[in-house]
Amino acid sequence: MAYTAVFAALHVADLDASRAWYERFCGRPPDLVPNDDEAAWQCTETGWIYVVRDAARAGASAVTLLVDDLDARLAGLAERGIEPGEIETYANGVRHVVVRDPEGNTVAFGEVPSGAGA
């Protein structure tokens with residue numbers, strides 16, 4: 001049986017502040033607001049990230065998003081006032097960078113060169 005979609009949760013205590021930050025991070029308002037405790041952004045045809053109010057687990061989430069142009073993605077974040085950590089480049093050419101939201105959750109970006117495998 002194949003998976004048809006992925007929803008990756010980022011737990012937050014302050015949903016309003018986190019929603020505003022993720023709107024800047026994604027460059028747009030959420031694509032889905034199913035209830036008063038969640039807001040979701042569609043990243044790919046079947047891949048989503050969402051913030052969910054959960055104070056007990058706030059700041060302990062980690063998500064990695066693979067992109068085809070890491071430099072362009074980081075430039076877009078910088079234009080919206082979001083600064084990432086240092087870019088790491090692994091021996092196989094994969095590039096990786098971590099961004100922390102205000103609550104401490106990590107959203108990492110990875111860029112896999114053709115032929116390196118994902």
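User: What makes the pairing of the side chain of serine 61 with the side chain of histidine 11 a polar contact?

Analyst: A polar contact is a pair of N or O atoms within 3.5 Å; within protein, one must be able to donate a hydrogen and the other to accept it, and residues adjacent in sequence count only if both atoms are side-chain atoms. The two side chains, of serine 61 and histidine 11, meet at 2.9 Å, so the pair is a polar contact under the limit of 3.5 Å. This is a predicted model, in which local features need pLDDT of at least 70 and side-chain atom pairs count only at pLDDT 80 or more, while totals for chains, interfaces and linings use all residues. Residues are numbered from 1 along each chain as its sequence is written, and side-chain values use heavy atoms, with hydrogens and water left out.

User: What class does the relative accessible area of asparagine 105 give?

Analyst: Asparagine 105 has a value of 0% and is therefore buried. Asparagine 105 lies in the loop between β7 and β8. The side chain of asparagine 105 reaches the backbone oxygen of histidine 11 at 2.9 Å, and a polar atom of that side chain lies 2.8 Å from the backbone nitrogen of serine 61. Apart from residues up to four places away in sequence, asparagine 105 touches Leu10, His11, Val12, Tyr22, Gly59, Ala60, Ser61, Val99 and Arg100.

User: What makes proline 84 count as it does in accessibility?

Analyst: The relative accessibility of proline 84 is 23%, so proline 84 is partly exposed. Proline 84 belongs to the loop between α2 and β6 (88-89). Beyond its neighbours within four places in sequence, proline 84 is in contact with Leu74, Val97, Val98 and Val99.

User: How does glycine 93 count at its relative accessibility?

Analyst: Glycine 93 is partly exposed, because its relative accessibility is 27%. Glycine 93 is in the loop between β6 and β7. Although glycine 93 and proline 113 are 20 residues apart in sequence, their C-alpha atoms are 6.3 Å apart. Not counting residues up to four places away, glycine 93 touches Glu111 and Pro113.

User: How do you know which pattern the protein follows along the sequence?

Analyst: Helices (H or I, at least four residues) and strands (E, at least two) are DSSP runs, numbered from the N terminus. By these runs the protein has two helices and eight strands, in the pattern β-α-β-β-β-β-α-β-β-β.

User: How do you know what span α1 should have?

Analyst: The expected span is 1.5 Å times one less than the number of residues. For the twelve residues of α1 this gives 16 Å, and the end C-alpha atoms of α1 are 16 Å apart, so the two values agree. Aspartate 14 caps the N-terminal end of α1, with a side-chain oxygen 3.3 Å from the backbone nitrogen of aspartate 16. Just after α1, glycine 27 has a positive phi of about 80 degrees.

User: Which residues of α1 are buried, and what do they pack against?

Analyst: Leu15, Ser18, Trp21, Tyr22, Phe25 and Cys26 are the buried residues of α1. They cover an arc (of the directions from the helix axis to the C-beta atoms) of only 125 degrees, which puts them on the same side of α1. The buried residues of α1 pack against β1, β3, β4, α2, β7 and β8.

User: Which members of the largest nonpolar core touch the most other members?

Analyst: A nonpolar core is a set of buried Ala, Val, Leu, Ile, Met, Phe, Trp, Tyr and Cys residues joined through side-chain atoms within 4.5 Å. The largest one has 23 residues, of which Tyr22, Phe25, Ile49, Val51 and Phe109 touch the most other members. The largest share of this core, five residues, comes from α1. Phenylalanine 25 touches Ile49, Leu77, Arg80, Ile82, Val99, Val107 and Phe109, not counting residues up to four places away in sequence.

User: How do you know whether the radius of gyration agrees or disagrees with that of a compact globule?

Analyst: The globule rule is 2.2 Å times the number of residues to the power 0.38, with the radius taken over C-alpha atoms. For 118 residues a compact globule would be near 13 Å; the protein has 15 Å, which agrees. Buried residues make up 36% of the 118 residues.

How values were computed: Buried means under 20% relative accessible area, exposed over 50%, partly exposed in between (1.4 Å probe, protein chains only). Contact means heavy atoms within 4.5 Å.
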